Amino acid sequence: MASEATTVRVPGPDGDREVRISSPSRVLWPEAGITKLDLAEYLVTVGGAFVRANGDRPISLQRFPGGVDGEQFFSKNPPKGAPDYVRSVTVTYPSARSHTQLVIDEPAVAVWAAQMNTVVFHPWASRAEDSDHPDQLRIDLDPQPGTDFGDTVPVAEELRKVLDEVGLTTWIKTSGNRGLHVFAPIRPEHEFLEVRHAVIAAARELERRMPDRVTTAWWKEERGQRIFVDFNQANRDRTMAGAYSPRALAHASVSTPITWDELRTADPTAFTIRTVPDRLRTTGDPWESMGEQPGSIAPLLEWWERDLANGEGELPFPPDFPKMPGEPPRVQPSRAKKPS
């Protein structure tokens with residue numbers, strides 16, 4: 001018996017490509033009834049905006065062979081059998097090990113990734129040709145238990161003011177879950193550690209202005225019912241779901257760029273694989289011109305140095321990172337040894 005398969009025609013810069021989709025009727029989102037073919041067609045429809053947001057960057061693929069309710073794994077280097085239009089670039093990880101990583105240059109590459117059951121696309125904050133120097137400052141606003149999306153809205157608005165004060169223009173998207181992602185295009189003049197320090201400086205200023213609503217506490221037991229500014233997402237090889245990337249949630253939500261004017265009335269659950277294509281057709285891409293006027297993080301680094309002088313030092317790194325200079329002990333405060 002012939003195997004079930006189909007092909008999808010994907011427009012691109014070098015003309016149309018035919019991408020084979022095996023098992024097109026495989027259901028990836030059982031609750032929403034969305035199949036692999038539905039995912040591929042979604043990526044065709046939003047392809048221009050998707051590549052504009054995520055292209056020319058090292059990217060990790062979060063793959064779900066049995067659907068979003070099943071097992072998952074991350075794929076970074078291009079799998080065997082990749083077509084000749086799939087590019088890779090060598091990057092250096094926090095361990096100092098180097099490896100090749102996938103790069104998306106056209107919609108067909110994203111559709112090919114969907115053929116391999118990729119659901120979530122995680123682009124780096126740097127470009128493929130200069131992967132050591134981010135051209136985006138990214139801040140992840142993460143609601144903690146007892147808070148929700150609505151609680152992130154005033155925090156995002158205040159963060160916009162903070163970054164405006166240092167000359168950075170901000171852009172915003174839903175995370176696809178309960179949080180918000182605030183981006184600012186920057187000139188690729190600094191490596192990841194310095195960009196992390198810039199994020200920490202902005203986060204601390206935001207926390208000072210909204211202490212009852214915002215926290216930079218790395219340990220969950222210290223966060224309370226506040227919005228956590230996840231500064232560790234600014235580290236090398238730390239990524240968040242890209243713009244227009246689906247999420248592995250039951251209703252097939254999408255991490256969706258919005259305008260600042262939309263923020264107060266936005267419903268993140270309304271942005272899904274089924275609805276975002278129509279939104280793009282009717283309202284356009286709010287991020288279309290995002291990278292045109294990059295700014296400098298030099299003022300934020302001045303804030304970082306000021307805070308260091310005032311006794312506010314380095315913050316913890318993720319557990320898989322090597323021990324970093326000036327880093328406090330990686331031990332949960334409630335388990336730390338008390339001074340005798």
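Start by selecting Arg204: this residue is buried at 5% relative accessibility, where buried means under 20% relative accessible area, exposed over 50% and partly exposed in between, with a 1.4 Å probe and protein chains only. You are looking at a predicted model, in which local features need pLDDT of at least 70 and side-chain atom pairs count only at pLDDT 80 or more, while totals for chains, interfaces and linings use all residues. Residues are numbered from 1 along each chain as its sequence is written, and side-chain values use heavy atoms, with hydrogens and water left out.

**Stop 1**

Helices here are DSSP runs of H or I with at least four residues, strands are runs of E with at least two, and both are numbered from the N terminus. Glu312 itself is partly exposed, with a relative accessible area of 28%.

How far apart are the closest N and O atoms of Arg208 and Glu312? They are 3.2 Å apart, in another salt bridge. Here too distant parts of the chain are linked, with helix 5 holding Arg208 and 104 residues separating the pair. Arg208 counts as partly exposed, at 38% relative accessibility.

For another pair, go to Asp14 and Arg17, whose side chains meet in a salt bridge at 3.6 Å, N to O. Asp14 counts as exposed because its relative accessibility is 62%. The salt bridge count comes to 29.

**Stop 2: Phe231 and Arg226**

Next, select Phe231, in the loop between strand 14 (227-229) and strand 15 (257-258). Is Phe231 buried or exposed? With a relative accessible area of 1%, Phe231 is buried. Show its surroundings and, leaving aside neighbours within four places in sequence, you will find contacts with Arg196, Val199, Ile200, Thr216, Trp218, Leu315 and Pro316; a contact means heavy atoms within 4.5 Å.

Arg226 is partly exposed at 21% relative accessibility. Not counting residues up to four places away in sequence, Arg226 touches a set of residues including Asp142, Pro143, Gln144, Pro211 and Asp212.

Asp237 is buried, at 13% relative accessibility. Ala252 is found in that loop as well, and its phi is also positive, near 60°. Ala252 counts as buried, at 0% relative accessibility.

**Stop 3: helix 2**

Move on to residues 47-54. This is helix 2, mostly covered, with six of its eight residues buried. Colour Gly47, Ala49, Phe50, Val51, Ala53 and Asn54 to pick out the buried ones. What do they pack against? Their partners are helix 1 (36-45), strand 5 (58-63), helix 3 (107-115), strand 9 (118-123) and helix 6 (276-283). After helix 2 comes Asp56, with a positive phi near 60°.

Two distances tie this stop to the previous one. Val51 and Phe231 are 180 residues apart in sequence and 26 Å apart in space, C-alpha to C-alpha. Asn54 and Arg226, 172 residues apart along the chain, have their C-alpha atoms separated by 30 Å.

**Last stop: the whole protein**

Finally, zoom out. The protein has seven helices and 15 strands, and its C-alpha trace spans about 75 × 45 × 40 Å along the principal axes. Buried residues make up 53% of the 340 residues. Among contacts between residues at least 6 apart in sequence, 67% join residues at least 24 apart.

Notes:
Salt bridge = Lys/Arg side-chain N within 4 Å of Asp/Glu carboxyl O.
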